[in-house]
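Dear colleague,

Please find below the structure that I am handing over to you, together with its sequence. My findings follow it.

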Amino acid sequence: MSSLAAPKRARAAIVGSGNIGTDLMYKLRRNPRFELALVAGVDPASEGLARALELGIATSTDGAEAVFEDGRIDVVFDATSAKVHAAYAPRYADAGILAIDLTPAKVGKSVVPSVNLDGNEKATNINLISCAAQATVPMVRAVTRVAAASYAEIVATVSSRSIGPGTRQNLEEFTHTTSNALAEIGGADRGKSLVIVNPADPPIIMRNTVYVVVGKDVDMDAIRKSVLEMVASVQRYVPGYTLLVEPFLRGDHVMIGLEVVGAGDYLPSYAGNLDIITAVAVAVAEKRLLH
Amino acid sequence: MADITFVDVTLRDGNHTYGHRFTPEIVRRTAAALDAAGVDIIEVGHGDGLGGSTLHVGQAAASDEELVAAAVSAVKHAKVAILMLPGFGVFKDLEMAARLGVKVARIACHCTEADTTEQHLRRARELGMFTVGYLVSAGMTSAERLAEEAAKLESYGAGYVNLAESQGHLVPAEVAERVRAVRKAVSIPIGFHPHNNLGLAVGNILAAIDEGASYIDGSLKGFGGGAGNAQTEVVVAALKRAGHEVRTDLFGILDAAQTFHALVAPHPMPVIDNDSIMMGYANVYGGYVLPVKRAAAEYGCDPRDLILRLGERKVVAAQEDVVVEEAKRLSQERRKAA
């Protein structure tokens, strides 16, 4: 096959073989723009590594070191933990590897694609904040682009089965980065995020409630229209993003209810929280590298 | 007979009954009365702990800092405690508490999610506070699972594990089974925090103590979610009658109950009303008492149907948005059927 006709592909590595990393593996594997060259973790017993092996993808238990052992990686998707990513980010940068950070480390530029992907084309480290931020910041922005908001609060409820040790040990970081994103990217003066882990069986679908304080005198029609447009925009890369409760005014704040139904790549569709951050990761990397 | 450490949670769990509206003044005077009565530990703060003041679960009348400072200023002998849920509160909240003189940090999670508390248990310990692993809705899982989760808390350095039976759903034999299972799994002390939805709070306490629990939670006038907590002044009297050692003085605690009652009057004491019975029966988190009543009234549905729905959906603490959703759905179904 002539190399002139071959489309450019990005050589990708996933570091972190937990729930997020494993879901990402399936997405990257079926995306012809990427060559998934490596899945690296630290736990030899992890299901993620076992599945990668089954699929014939090179694996390593050396964690992030394996990326440098390979030496030809264009982009690393880091789904380890805030601490690990913070430690490796400078080395990815030195090696000229684009880092997509799926942890709450927030070393580089925080991006929520339907809000601020444009303008971050030169970033070498892109932070995706958290699954809850990806789900809710678009809604906050949808409100703040048509009304002034003094405060935004979000509640992310995720099924117990869909969050692994990485997330459970990072709720502090998760809370901070998500709260900040509601203000910095969402456009509210101040933000607060809550996360609730729900152990119900059958597992609940990831749901998010967004409250935005706008005062009593607002144009709810404009808000509704803006929200519906934003939902459509997010659905372009996360088809399972669903508006459950259309924006309504409750005293001085707008309340919006969302559900994210996952694609079911790894965990079943209740784990929309995985899907939203991995779908975003792939979309952002593709745009950044290949357009 | 057992040596009991008494933890009064009027000024934290009681906030659920009082719409999170305790003022620093109420905190100061109640804490002083509790301290004078010889209560060992006095917990203070928003019903959902540090960082809980939100649109989602209700905004407090005063900041965490103001409430904590009020308690610490009023107390000479007792230890002041705070509660926090990772996912709601953050390190900064623990740091504030430690700085203000809080001695006990109780870090809470749903009873099956102990590993979400590790970060904050360790941070609280670093800050020099006595840490407690607090398992919410302990009646929503099996005794075996509860024991596993308690063992995790011990491994994170918790000073004791508190079993909060938030729904008031269990009967004494079921409480005994759980405390027994936890006792076999950990070597740290065990605490128990019942709710009174089926009128069993005090009886459940005695059953828990018989199996080895040594930290007991109660609230003055029973102020707390659902039908309320075990009523502190009743518990003290019952513990003494049962022959257990408790440092709290009987007359002193009766005085504290009266002081508190006067401060919050005319707000009624929690009673076991029909909704509370339904909560306990259906195993639904007690913190929903006001949201269920409000949503049922606002959207036009039977609160009992709403409670059964919430039980079926196995809602855990702090899912007030589901209350609104199910109330709207029930009211739509009613209108369609009409």
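I begin with a strand pairing in chain B: E1(B) is joined to strand E9 (residues 245-246) of chain B by two bridges, and the two strands run parallel. Strands pair here if DSSP finds at least two bridges between them. Helices (H or I, at least four residues) and strands (E, at least two) are DSSP runs, numbered from the N terminus. Within E9(B), B:Val246 is the bridge partner of B:Ile4.

This is a predicted model, in which local features need pLDDT of at least 70 and side-chain atom pairs count only at pLDDT 80 or more, whereas totals for chains, interfaces and linings use all residues. Residues are numbered from 1 along each chain as its sequence is written, and chains are lettered from A and ligands numbered from 1 in the order in which they are written.

Strand E1 (residues 3-9) of chain B is mostly covered, with five of its seven residues buried. A residue is termed buried if 20 or more other C-beta atoms lie within 10 Å of its own, exposed if 12 or fewer, and partly exposed in between, with C-beta atoms placed from the backbone.

Chain B is divided into domain 1 (3-264) and domain 2 (274-337), the bounds coming from an automatic or database domain assignment. The centres of these two domains of chain B, taken over C-alpha atoms, are separated by 26 Å. Their contact takes 21 residues from domain 1 of chain B and 15 residues from domain 2 of chain B. Two residues are in contact if their C-beta atoms, placed from the backbone, lie within 7 Å. On the side of domain 1 of chain B that touches domain 2 of chain B, there are five nonpolar residues, 15 polar and one charged. In this classification, Ala, Val, Leu, Ile, Met, Phe, Trp, Tyr, Cys and Pro count as nonpolar, Asp, Glu, Lys and Arg as charged, and the others, Gly among them, as polar.

Turning to chain A, this chain has ten helices and twelve strands. Its C-alpha trace spans about 60 × 45 × 35 Å along the principal axes, and buried residues make up 57% of its 291 residues. Chain A is likewise divided, into domain 1 (10-128 + 275-290) and domain 2 (131-269), and the C-alpha centres of the two lie 24 Å apart. In chain A, 25 residues of domain 1 are in contact with 31 residues of domain 2. Helix H10 of chain A gives the largest share of the side of domain 1 that touches domain 2, namely six residues. That side of domain 1 of chain A comprises twelve nonpolar, nine polar and four charged residues.

Chain A also contains an open sheet of seven strands, in the order E3-E2-E1-E4-E5-E7-E6, with parallel pairing. Strand E3 (59-60) and strand E6 (109-110) of chain A stand at its edges with a single partner strand each, so one side of each is left without a neighbour in the sheet. Strand E1 (residues 10-15) of chain A is joined to strand E2 (residues 34-40) of chain A by six bridges, and A:Ala12 stands opposite A:Leu36 in E2(A).

As to the contact between the chains, 24 residues of chain A are in contact with 22 residues of chain B. The largest share of the side of chain A that touches chain B, six residues, is supplied by E9(A). By class, this side of chain A has eleven nonpolar, nine polar and four charged residues.

Finally, the largest nonpolar core has 211 residues, of which A:Ile100, A:Ala281, B:Ile42, B:Ala71 and B:Leu135 touch the most other members. Such a core is a set of buried Ala, Val, Leu, Ile, Met, Phe, Trp, Tyr and Cys residues joined through C-beta atoms within 7 Å. Not counting residues up to four places away in sequence, A:Ala281 touches A:Leu24, A:Phe77, A:Ile100, A:Leu102 and A:Leu128.

With kind regards
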